[in-house]
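Please look at the sequence and the 3D structure below before reading on. The paragraphs that follow go through a pocket, an interface and the salt bridges.

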Amino acid sequence: MCEGFGAWRKLGATRLIQVMTAMTLLGTSLSHAQQSVGVLCMPNNDLTDPYINLPQMDPVAWAPGGTYTVTINGTFPVGNPDLPGCTDVYFSAWMWPDYPNAGAFGPLDPYVTLSNFVDVSPTVITYTVSISPAAPLGSYVYFELYPANSLAFERYYDYWGVQIENPGSPGPGCATPAISSVFPSNWTAGDTYPVVIMGSGFTTQAEATSSCPATQMTVSVATGAVTVSNVAVINPSEIIATIAPAGTDPTEPAQINLNGNGQTSPGGMVARLGSQTSANSETQANLAVAKNETSNPQGSGAASYTAQIFNLQAIVTDTSNIMNGIVTVKLTAPTGTSGDLKLIPYGINYSPQNDFPNEAPVSQNLKLNFQNIPPDIYTVAGGTWDALVPTTPPTGPQTVDIPHYTLPTAWTYFRTIFYTQYNVPHEQDCSGSNANAWTVDQSCHFSEITLPSGFIRQAWINGHGLESDGTLLWSAYSAGLGDTQGCAGKYPSGAIGSGQFGGNTFEIVKSVLGACGPAVADRTVAIPAERIGGKYQAIALSGVVVPSCQQVLVLDQGSHSTTYIKTVSDICPRCSNPETIPKGDNGHVDAFSSNPSCSASGVGSLGPFYTSYPTQ
Amino acid sequence: MTMRLRTKCDEFSAVTTARGLSSICLVFLSTLLFSSYLLAQDLANNAHIHSEVTQNGSAEMRSVSNGMFDPAHQPEVYWHDSDWDIDLINRASDEKPYEISIRSSSGSLSIVKLPQEYEQVNSIYRAPRDKAIIVEEDHTSSGAFAIVDLKQGRLIDNVGVAFSIISPDRRFILYQNWYPAEAEYYENTYHLYDTSRTPRQNVCGYRGNDPKHEYLDDGMRGFQVFPQKVGQLLCSGPEDDDDDNMGTNFTWSPDSSKIVFADVKSGVMSLILVTMPVGTSDLPKTSTYPLVGAENVCAGATDAAGEAICDYHVIQSLGWDGDTVTAVFNHRFGTKLNLTMAIPVSRFTPIGK
């Protein structure tokens with residue numbers, strides 16, 4: 001026998017440290033009563049499996065003022081080959097309710113004295129327990145046995161819960177709880193649920209006695225964590241509680257445990273709480289409770305019910321192609337899950353909902369409905385997924401929030417812009433007999449020339465025309481040299497510099513210049529502009545934002561892929577008036593075309609395109 | 001389509017000489033077959049342009065409905081009433097001009113050639129005094145209207161415009177002047193063309209090199225109603241240094257006696273009211289109602305980027321309730337104003353007062 005040692009204080013340290021501390025205290029006399037004892041050599045045996053022939057302790061109904069010889073039957077496995085021979089054992093009684101956090105000790109029970117530890121045989125141990133007369137009825141002892149050898153401890157320890165009561169008058173048996181239903185019983189990790197437990201034999205707080213306390217509830221899981229709060233026993237058949245599985249919980253079962261602590265036999269209750277083979281944690285202790293109650297239902301008024309935790313996730317993973325209306329979403333759920341998904345881009349003013357029915361748990365590119373998204377600057381994406389998990393019995397869909405995802409590049413979206421085209425007609429593509437025309441310079445000097453009538457007409461309407469010899473003409477009105485403009489009153493007879501029809505006067509220029517750079521055929525565009533305060537300025541396209549010079553526009557005809565990429569190089573005053581924007585479109589942009597045609601019909605329009613700034 | 005072809009040829013055969021019958025019927029046949037071909041082709045080519053049939057009083061008209069410029073897919077366009085059937089004859093190639101056929105209830109028929117510049121015919125209206133208005137587009141926000149004398153079967157006027165709005169009684173055409181798309185020196189002005197007047201009575205100026213006023217310059221037509229100075233009869237000269245005139249939401253009163261629209265200058269929106277002339281010698285009158293002070297609908301308006309802006313996005317609609325203008329304003333961004341106003345015509349201030 002080893003010498004005993006004094007009471008520990010709550011250390012809040014690991015069991016290993018405590019054991020090591022205990023070892024240093026060996027040598028303290030066991031001659032007086034202790035709440036804990038160190039024992040030299042358990043009954044020697046060769047067992048290594050802690051779950052074979054589990055020790056049982058009797059009696060465990062201890063009355064105040066009583067002294068009992070208690071027998072532990074069973075085999076404490078100490079036969080590990082690494083630890084031949086007998087094993088030092090530590091034996092203690094702790095105050096309830098510090099259990100079940102077995103990793104942090106509470107105070108030793110001041111009403112319990114242990115002594116006379118005797119190895120009777122390899123399977124029987126006896127000891128003496130004395131209970132103080134002052135011990136309150138209904139209090140509990142957490143009674144523990146484990147090796148005082150750290151390595152052995154790492155493999156096994158054993159513990160019981162014992163209630164201080166009057167064994168002479170055990171009182172009526174407590175009701176035995178039973179669970180008939182739990183609603184809801186399918187929980188999404190990260191959500192919080194008000195849960196209703198229906199059944200029988202529940203003990204309310206008002207009906208609780210020292211021997212039949214109010215029904216207690218815990219929830220245990222294998223690897224995750226579940227917070228239980230606001231437990232209220234409404235009546236013998238109904239309990240409500242708040243359940244909050246941690247967001248990190250995986251998909252796994254969850255055990256709802258009720259402990260009515262009801263006394264099932266007059267001889268006293270035995271609540272063998274469990275055994276462990278490794279360092280403990282709170283979750284593991286909870287698990288031990290659950291497993292024990294499930295596996296030992298005769299014990300005493302315990303009941304359990306298996307609920308299910310689902311780790312359902314819906315997250316936005318990529319928005320780099322949102323300029324093409326594509327958002328990548330990853331859905332995580334058990335196989336067979338399906339549900340309606342609502343994806344919402346959040347803009348400065350608008351948050352349009354995009355519906356995607358029956359989405360399965362995969363990573364996928366969702367295609368937004370371009371037309372339902374108002375012009376705006378969108379910076380965040382989020383939404384919900386109503387996941388219907390295949391369960392037995394079937395349950396309704398569970399709403400999974402799609403966490404807000406901040407777009408790495410904001411999505412500036414103009415919705416439908418109608419793209420007309422302008423071109424420089426080539427003389428050789430024009431017909432008509434020769435007619436008189438004029439050139440004019442910045443000093444209003446005129447020279448008469450001859451050109452095909454069709455070329456004169458189209459160059460005037462378009463603003464530019466390219467003669468067969470490479471001379472580039474710019475209509476006098478466009479150049480500010482019209483007969484109502486800079487050269488008013490100086491036009492020779494026959495020269496016309498205003499109106500749509502009949503204009504025949506041009507300035508010779510070197511290139512088609514945009515307001516902010518050269519026009520590049522089939523690549524650049526002119527955007528809406530107005531004269532404000534005497535200066536020509538681009539205006540907000542679709543009312544969203546003013547594109548700057550060289551701004552790139554991405555054009556998508558609705559196929560969720562880029563049809564054209566255009567660059568801003570010019571302004572288009574004509575494009576700014578809403579009266580000329582086709583119905584249903586949000587803006588008008590003029591694209592520069594390399595087509596040499598001598599008619600608008602030959603050039604045509606590009607048409608309407610969903611237009612955005614690039615997002616990648 | 002086949003039924004229509006047969007009817008036209010049958011009716012026509014009763015009022016034409018045998019000599020011209022076959023050739024004109026051939027015109028109809030080829031025209032209508034070609035039209036049918038175009039419609040089929042539009043579907044095949046996923047054309048952007050659409051046309052629709054509407055009732056205008058007792059008349060039926062088919063016109064381009066969505067304001068889209070897609071001349072390669074010219075749809076069928078016509079005006080049919082109890083007196084006249086006016087139909088666009090599609091052209092075989094874009095090197096040939098469009099024509100319209102004019103058929104009277106008495107059976108007379110004439111074919112009128114439209115100007116070569118006409119690229120897409122959007123609509124045909126019958127105007128009072130047996131005239132027709134042909135609305136054309138040769139580029140988005142660039143077009144023209146033609147006036148046709150139905151009885152004479154003759155094109156009598158052709159005016160280039162940026163866009164036009166025709167009064168419900170089809171007597172008046174309010175339009176924005178034309179200028180080239182790439183023009184860097186221009187000013188938007190709004191003119192009123194009165195179809196009850198002769199073309200020469202719808203003039204607001206002549207070219208400087210036309211002292212004898214021999215030519216009608218389509219850039220100096222109609223009566224300039226905005227901007228308008230006191231007593232101004234001629235078109236405006238070169239641009240000024242103010243904000244440009246950018247009329248929006250043009251809304252005719254149901255009786256065609258007035259039109260109201262909006263314009264913004266120096267960050268203030270105004271409603272512009274033009275009262276139509278009654279007699280052919282009367283002149284239109286322009287009045288304004290600036291939305292200032294507590295009615296400043298531009299205050300707080302921004303684009304999505306937060307920049308102050310006040311343009312057509314601020315005004316949702318204009319309407320008429322008797323002699324009261326109803327207006328709805330809204331900010332998509334910024335202060336998100338949402339305002340409905342009712343402004344009696346009597347509160348508009350005539351130009352010069």
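Which element gives the largest share of the lining of the largest pocket? The model is a predicted one, and in it β10(B) gives the largest share of that lining, with six residues.

The largest pocket itself has a volume of about 1400 Å³. It is lined by 47 residues, and those closest to its centre are A:Pro578, A:Glu579, A:Ile581, A:Lys583 and B:Gly67. The elements that give two or more residues to the lining are β1 (51-56), β2 (59-64), β7 (120-127), β8 (131-139), β9 (142-149), β10 (154-166), β14 (248-252) and β18 (315-321) of chain B. Sorted by residue class, the lining of the largest pocket has 17 nonpolar, 22 polar and eight charged residues.

The next topic is the contact between the chains. Chain A puts 71 residues into this contact and chain B puts in 68 residues. Between them, chain A and chain B bury an area of about 5800 Å², and carbon and sulfur atoms give 52% of this area. On the side of chain A, the three residues A:Phe501, A:Arg531 and A:Arg574 supply 16% of the area that chain A buries against chain B, more than any other three residues.

Polar interactions also cross this interface. Between chain A and chain B there are 25 residue pairs in polar contact, with both residues at pLDDT 80 or more. Several elements of chain A give two or more residues to the side that touches chain B, among them β24 (376-388), β25 (398-423), α4 (453-462) and β33 (524-532). The largest share of that side comes from α4(A), which gives five residues. By class, the side of chain A that touches chain B divides into 30 nonpolar, 31 polar and 10 charged residues.

How many salt bridges does the rule find across the interface of chain A and chain B? The number is two. A salt bridge joins the side chains of B:Glu187 and A:Arg531, at 3.9 Å from N to O. A:Arg531 is also one of the three residues named above for their part in the area that chain A buries against chain B.

Over all chains, a search of the whole structure finds 16 salt bridges. A salt bridge with both partners in chain A is formed by the side chains of A:Asp386 and A:Lys342, at 3.6 Å from N to O. This pair links distant parts of the chain, 44 residues apart: A:Asp386 lies in strand β24 of chain A, and A:Lys342 lies in strand β21 (residues 338-347) of chain A. Strand β24 of chain A is also among the elements that give two or more residues to the side of chain A that touches chain B.

Technical notes:
Residues are numbered from 1 along each chain as its sequence is written. Chains are lettered from A and ligands numbered from 1 in the order in which they are written. This is a predicted model: local features need pLDDT of at least 70, side-chain atom pairs count only at pLDDT 80 or more; totals for chains, interfaces and linings use all residues. Side-chain values use heavy atoms; hydrogens and water are left out. Contact means heavy atoms within 4.5 Å. Buried area is the accessible area (1.4 Å probe) that two parts lose on being put together, summed over both. A salt bridge is a side-chain nitrogen of Lys or Arg within 4 Å of a carboxyl oxygen of Asp or Glu. A polar contact is a pair of N or O atoms within 3.5 Å; within protein, one must be able to donate a hydrogen and the other to accept it, and residues adjacent in sequence count only if both atoms are side-chain atoms. Helices (H or I, at least four residues) and strands (E, at least two) are DSSP runs, numbered from the N terminus. Ala, Val, Leu, Ile, Met, Phe, Trp, Tyr, Cys and Pro count as nonpolar, Asp, Glu, Lys and Arg as charged, and the others, Gly among them, as polar. On a 1 Å grid over the protein atoms alone, a cavity is a set of points where a 1.4 Å probe fits but cannot get out, and a pocket is an open set with protein on both sides within 12 Å along at least five of seven lines; lining residues have an atom within 4 Å of a point. Grid points are joined across faces, edges and corners, and a volume is the space filled by probe spheres set on the points.
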